[in-house]
Amino acid sequence: MFAHAIDRLRPYALPLVVLLITWGIIAGITPSFRGVGSIFAVLEGFPLVGLAALGLAVTIIAGELDLSVGSMAALAAVVAVLTSPTGLVPCILIATLVGVVFGAVQGTLIGYLRINSLVFTIGTLILLRGLTYIASDNAPIIIQNITITDPLLDRYVVFSISSITAVTVFILAGLFLTYTRWGREIYAIGGARNEAIAAGVPRIRPLTVSFAISAGCASLAGALAATRGGSAAPQNYADLLLSGAAAALLGGISLYGGRGSVINVALGVAVLTVVATGLAARGSTAYLVQLVTGALLLTMIAIEFLAGRLTLRDTILGAGLRGHTRGPEDVDSQREG
């Protein structure tokens, strides 16, 4: 049982170790980044970067990549502000629904037309950004009745309404990917697409679902950020794609598809947020945060690459030894043949 538990924890070992080391170093050199305040700061990274990384990770697991998440978040932010007279919860739900519908259409077209998702989502990235400028009339817009956003400013120990919402979405996504048929189809279509299709897994449905989740998460992220800040601008969230992708990769989501989990994404988001908030608390510049993040990402990629090569070598050597080590029974059976 203990060995089984170790095997289940192995995919999270590297990002967890990186998180603990990074947190320890940042807390050691930054007195203000300690205790309950540091936990609150890390959790506050989940409503924006975390949700974007989660959606991206689902498309990566499906063997694709959604480059339009930043533009989708910006459009959803504008939609949330424009519909804010309906109330806080309705405007967030409307903006999120817009993203889900758009993502589902996008995934269906990618699956039906068999277009490379990188090429397709570059087009939708530009399209959505253009729609955002049109919807906002090429200018920042604000929520007129700012009091409707007051609940988002409340703090509950280490949580806020935004972080509670993000954590809930993470839990639901984990349950969906692990225990539903549609979730298993996403893993199957990303791990070995031709074999999965030959085994009866539909081509289009997993892509439709994965891109709907991606756009929905990005839309929810943009809507939460806009309603909490009380405004939206068409040029916002241009770097959200890079931050989300970095968080997913830091957590151990495989670019080859078919591998990774929500826990991997959460660990990656935590690492990225610890670096960003911890260095910001020290007054460090943005480029230093990017430098440290890039160094961590490259280090983790190098470690995983070396670990993969060592595992492959051990497998080959083990197979070779088994092939060259024959007992008397093997010799007798070969003679009889």
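How close do the axes of α7 and α10 come, and at what angle do they cross? They come within 11 Å and cross at roughly 170°. This is a predicted model, in which local features need pLDDT of at least 70 and side-chain atom pairs count only at pLDDT 80 or more, while totals for chains, interfaces and linings use all residues. Residues are numbered from 1 along each chain as its sequence is written, and side-chain values use heavy atoms, with hydrogens and water left out.

**Helices that pack together**

- Two packed helices are described by the angle between their axes and the distance between the axes.
- Helices here are DSSP runs of H or I with at least four residues, strands are runs of E with at least two, and both are numbered from the N terminus.
- Axes are lines fitted to C-alpha atoms, for helices over the stretch in contact, and angles run from 0 to 180 degrees between N-to-C directions.
- The axes of α7 and α10 cross at roughly 170°, which makes α7 roughly antiparallel to α10 (angles over 145 degrees count as roughly antiparallel, and those under 35 as roughly parallel).
- From α7, Ser162, Thr165, Val169 and Phe176 meet Val209, Ile213, Cys217, Leu220, Leu224 and Arg228 of α10, where contact means heavy atoms within 4.5 Å.
- Sorted by class, this contact of α7 with α10 has seven nonpolar, two polar and one charged residues (Ala, Val, Leu, Ile, Met, Phe, Trp, Tyr, Cys and Pro count as nonpolar, Asp, Glu, Lys and Arg as charged, and the others, Gly among them, as polar).
- Helix α3 (residues 46-61) packs against helix α7 (residues 161-179) at an angle of about 15°, with axes 9 Å apart, so α3 is roughly parallel to α7.
- The residues in the contact of α3 with α7 divide into 10 nonpolar, three polar and no charged.

**Two buried residues**

- Threonine 121 sits in helix α6 (residues 117-135) and counts as buried because its relative accessibility is 0% (buried means under 20% relative accessible area, exposed over 50%, and partly exposed in between, with a 1.4 Å probe and protein chains only).
- The side chain of threonine 121 reaches the backbone nitrogen of leucine 67 at 3.3 Å.
- Leaving out residues up to four places away in sequence, threonine 121 touches several others, among them Asp66, Gln106 and Phe211.
- Alanine 215 belongs to helix α10 (residues 204-229) and, at 2% relative accessibility, counts as buried.
- Although alanine 215 and phenylalanine 102 are 113 residues apart in sequence, they are 7.1 Å apart in space, C-alpha to C-alpha.

**Residues in the loops**

- Most residues other than glycine have a negative phi.
- Aspartate 137, in the loop between α6 and β1 (141-142), has a positive phi of about 60° although it is not a glycine.
- Asparagine 138 lies in the loop between α6 and β1 and has a positive phi of about 60°, again without being a glycine.
- Aspartate 137 is exposed, with a relative accessible area of 66%, and asparagine 138 is exposed at 54%.
- Threonine 147 is in the loop between β1 and β2 (155-156), and its relative accessible area of 47% makes this threonine partly exposed.

Notes: Polar contact = N/O pair within 3.5 Å; in protein donor to acceptor, adjacent residues only side chain to side chain. Parallel < 35°, antiparallel > 145°, perpendicular 65-115°, else oblique.
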